[in-house]
Amino acid sequence: EHTTMSYTLPPLPFALDALEPVLMQHQMEVHYTKHHQGYCNNTNAVLKDQPLASHPIEYVLDHVDELPAEIRQKVINVGGGLANHTFFWHSLSPVTQAVPAKLEADLIAAFGSLEAFKTKMVNGGLGVFGSGWVWLIKNKDGQLEVVTTMAQDRPQGTLLLALDVWQHA
């Protein structure tokens, strides 16, 4: 016997209109209340009665090979959408903030300059065909790295920053 977790749409860390004029309120409403909610609903549906569903979605994604083969890709797609968007919202802020000194030093060490890091993130996004993600991660060797993933895939490593790449943006 197992307990199935009911995944819920986490609250945004800011108001829907807080990112204007960069992201308009209507875009945020659609992206958060329709797309992200849809990932949440579909994750609950696909994981119904699965023992792994008693765990946080990040754990499920890390252990997707333990799920029945016929639902694995669906879990990656919808569970990844749920987890990625939850992380993404926390990568954004309506308040311009200075880069913390330690992070700035690490970014300069890894990429040569903050501008070079920003360029790598932008170019990563431009290189994604369709939709996907650009991530700043700390890889298994402890190094900062910019990586891209397609659709709702998640990279290996510690996630530090995410940018959602929309084919229609």
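**Exercise 1. Find how many aromatic pairs this predicted model holds, and classify two that share Phe88**.

Let's start with the total: the count comes to 6 aromatic pairs in this predicted model. Each pair of rings is described by the distance of the centres and the angle of the planes.

Step 1. Take Phe88 with Trp89: their ring centres are 5.1 Å apart and their planes make an angle of 45°. Planes under 30 degrees apart would count as stacked and over 60 as edge-to-face, so this pair is tilted.

Step 2. Now take Phe88 with Trp133, at 5.6 Å centre to centre and 75° between the planes. Because an angle over 60 degrees counts as edge-to-face, that is the class of this pair.

Step 3. Widen the view: ring pairs join Tyr32, Phe87, Phe88, Trp89, Trp133 and Trp135 into a cluster.

**Exercise 2. Decide whether Phe88 and Trp133 are buried or exposed**.

Buried means under 20% relative accessible area. Phe88 has 5%, so it counts as buried. Trp133 has 0%, so Trp133 counts as buried too. Trp89 is also buried.

**Exercise 3. Describe the surroundings of Gln25**.

Step 1. Gln25 belongs to helix 1 (residues 25-46).

Step 2. With a relative accessible area of 29%, Gln25 is partly exposed.

Step 3. Setting aside neighbours within four places in sequence, Gln25 is in contact with Leu16, Asp17 and Glu20.

Definitions and conventions
Residues are numbered from 1 along each chain as its sequence is written. This is a predicted model: local features need pLDDT of at least 70, side-chain atom pairs count only at pLDDT 80 or more; totals for chains, interfaces and linings use all residues. Side-chain values use heavy atoms; hydrogens and water are left out. Helices (H or I, at least four residues) and strands (E, at least two) are DSSP runs, numbered from the N terminus. Buried means under 20% relative accessible area, exposed over 50%, partly exposed in between (1.4 Å probe, protein chains only). Contact means heavy atoms within 4.5 Å. Rings of Phe, Tyr and Trp (its six-membered ring) pair if their centres lie within 6.5 Å; planes under 30 degrees apart count as stacked, over 60 as edge-to-face and the rest as tilted.
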